[in-house]
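Please keep the structure open while you read.

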Amino acid sequence: DGYVLARLAREAGLDACVVRGAPPGAGPARLACAAFVAAGGEVFELDLRLPDCDVVVDAVLGIGADGTPRGPAAGLVAAINASSAPVLSLDAPSGVDVARGSVPGDAVRATHTLQMLVAHAGLRTGGVPALCGTLHVATLGLDAAALDGIAPVAWLLTAEALLAALPGRRHDAHKGDSGHVLCVGGDHGHGGAILLAVDAALRSGAGLASVATRGVHVGAVLSRRPEAMAHAVSGRSALRALLEAASVVALGPGLGQGAWGRALFAAVLARADQPLVLDADALNLLAATDTVLPPDAILTPHPGEAARLLSTSAAAIQADRFAALHALCARYGCIVVLKGAGTLIGGPDGRMRVVAAGNPGMAVGGMGDVLTGIVAALRAQGLEAFEAASLGALLHAVAGDAAARAGGMRGLLPSDVLMQLRSCLNP
């Protein structure tokens, strides 16, 4: 691709040369190199740094490459990153593992990335998007019908998806139509987590929201959010009546892994007929048990929690987020939201979506608690589990972007995201 682009650039009247780490082998690359030279193009071997230029085109490695660049390829990657010129990567930034959506070692930092034929899912998640710059797709004249019958790796969720997918409300709607979310958690010292979750549930449209928490937190909940129904719960027996009244249970924010948290976890999981959203310590407790979950349960792990659920490391999760998501869905037989840059949503039937929104300012404690409340609220309003998980993750990210636009990323708080939910829900 690099030789072809260089030849086309020369034919367009631009000054283009090729710097390479090694001569091409047999096949298309060798033919493309010969055509470039025949057109008067010059080829140079890499000598530590690139010549001065206005644009660097990264055509070192293609989408089939995996592993850390080595030898001449590593030298080219280093030279590209040392250049001050903007970088256009072809297919993907060299050094990125497109199949796994990961960066195993050094990689090119691109200004723009031109994907060939179709968009690549591996450029949308984990640490990869930060290297891609602006993404573009060149279909190269491919007839769209050629893709008929080919299943995509994933579907991309953009902010526009919220416009059509969220349920409307009847003119004569009442609070019962929008469901009753019960948020369970908030052990000693962790009351803020459950407060953020119930606040998010109400801001995301739940008709009713209750909190089952430690008695010491009830006053704070009522002071911050008087619309929530706060209940002091000391153990399993005190939770039963609240579970009966709820249509969806959000379990985990601030739950802890002590005796109190374990008792509430067991009480909630004993009811197999109730829609569930599990996060935080509910996931850590789940990892230590052999509990069977209902197929419409929703898990929302970050990479560390996902690692505990799969008995592996966070690094292994990030090395192949797609495989990790599929493994989680298969292991627990339910819907999974694998959080992080380019959040992934998957189901045991193999469906997968990638969220194309969110920003680094959202990397702060409490953001996951807000997501839990959002997903639970959408589930309570009648969305099926996969849709509630998908749109909840998208709404969370879109609201985070709105909060960043309003005041910047550094110092962005979950409370700032909460304040954006209404406008994002009602565009």
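In which sense do strand β13 and β14 pair, and over how many bridges?

1. **The β13-β14 pairing.** Strand β13 (residues 298-299) pairs with β14 in the parallel sense, over two bridges. Two strands count as paired if DSSP finds at least two bridges between them. Within this pairing, Leu 299 has Val 336 in β14 as its bridge partner.

2. **Ground rules.** This is a predicted model, in which local features need pLDDT of at least 70 and side-chain atom pairs count only at pLDDT 80 or more, while totals for chains, interfaces and linings use all residues. Residues are numbered from 1 along each chain as its sequence is written, and side-chain values use heavy atoms, with hydrogens and water left out.

3. **Overall picture.** The protein has 16 helices and 16 strands. Helices (H or I, at least four residues) and strands (E, at least two) are DSSP runs, numbered from the N terminus. The C-alpha atoms fill a box of roughly 80 × 45 × 45 Å, taken along the principal axes. Of the 427 residues, 49% are buried. Buried means under 20% relative accessible area, exposed over 50%, and partly exposed in between (1.4 Å probe, protein chains only). Take the contacts between residues at least 6 apart in sequence: 65% of them join residues at least 24 apart. Contact here means heavy atoms within 4.5 Å.

4. Strand β14 spans residues 335-338. Ile 335 and Val 337 point one way, Val 336 and Leu 338 the other, and all are buried. β14 also pairs with strand β15 (residues 344-346), in the antiparallel sense and over three bridges. Here the bridge partner of Val 336 is Gly 346. Five residues lie between the strands of this hairpin, and Gly 340 takes a positive phi near 130°.

5. **The open sheet.** Four strands form an open sheet in the order β3-β4-β5-β6, with parallel pairing. Its edge strands are β3 (56-58) and β6 (134-138), each pairing on one side only. Neighbouring strands are turned by 25° against each other on average, direction ignored. Axes are lines fitted to C-alpha atoms, for helices over the stretch in contact, and angles run from 0 to 180 degrees between N-to-C directions. Inside the sheet, β4 and strand β5 (residues 112-116) pair over three bridges.

6. **Ser 89.** This residue is in strand β4 (residues 87-90). Is Ser 89 buried or exposed? Ser 89 counts as buried because its relative accessible area is 0%. Its bridge partner in β5 is Thr 113. The side chains of Ser 89 and Asp 58 make a polar contact of 2.7 Å. A polar contact is a pair of N or O atoms within 3.5 Å; within protein, one must be able to donate a hydrogen and the other to accept it, and residues adjacent in sequence count only if both atoms are side-chain atoms. Not counting residues up to four places away in sequence, Ser 89 touches Asp 58, Val 108, Ala 110, His 112, Thr 113 and Leu 114.

7. **The α6-α14 packing.** Helix α6 (residues 191-203) packs on helix α14 (residues 367-380) at an angle of about 35°, with the axes 7 Å apart. From α6 come Ala 193, Leu 196, Ala 197, Ala 200 and Ala 201; they meet Asp 369, Val 370, Gly 373, Ile 374 and Ala 377 in α14. The residues of this contact divide into eight nonpolar, one polar and one charged. Ala, Val, Leu, Ile, Met, Phe, Trp, Tyr, Cys and Pro count as nonpolar, Asp, Glu, Lys and Arg as charged, and the others, Gly among them, as polar.

8. **Ala 377.** Ala 377 is in helix α14. Ala 377 counts as buried because its relative accessibility is 0%. Leaving aside neighbours within four places in sequence, Ala 377 is in contact with Val 181, Ala 201, Ser 204 and Ala 206. Ala 377 and Ser 89 are 41 Å apart, C-alpha to C-alpha, and 288 residues apart in sequence.

9. **Ala 357.** Look next at the loop between β16 (352-355) and α14, where Ala 357 is found. Ala 357 and Thr 158 are 199 residues apart in sequence but 6.7 Å apart in space, C-alpha to C-alpha.
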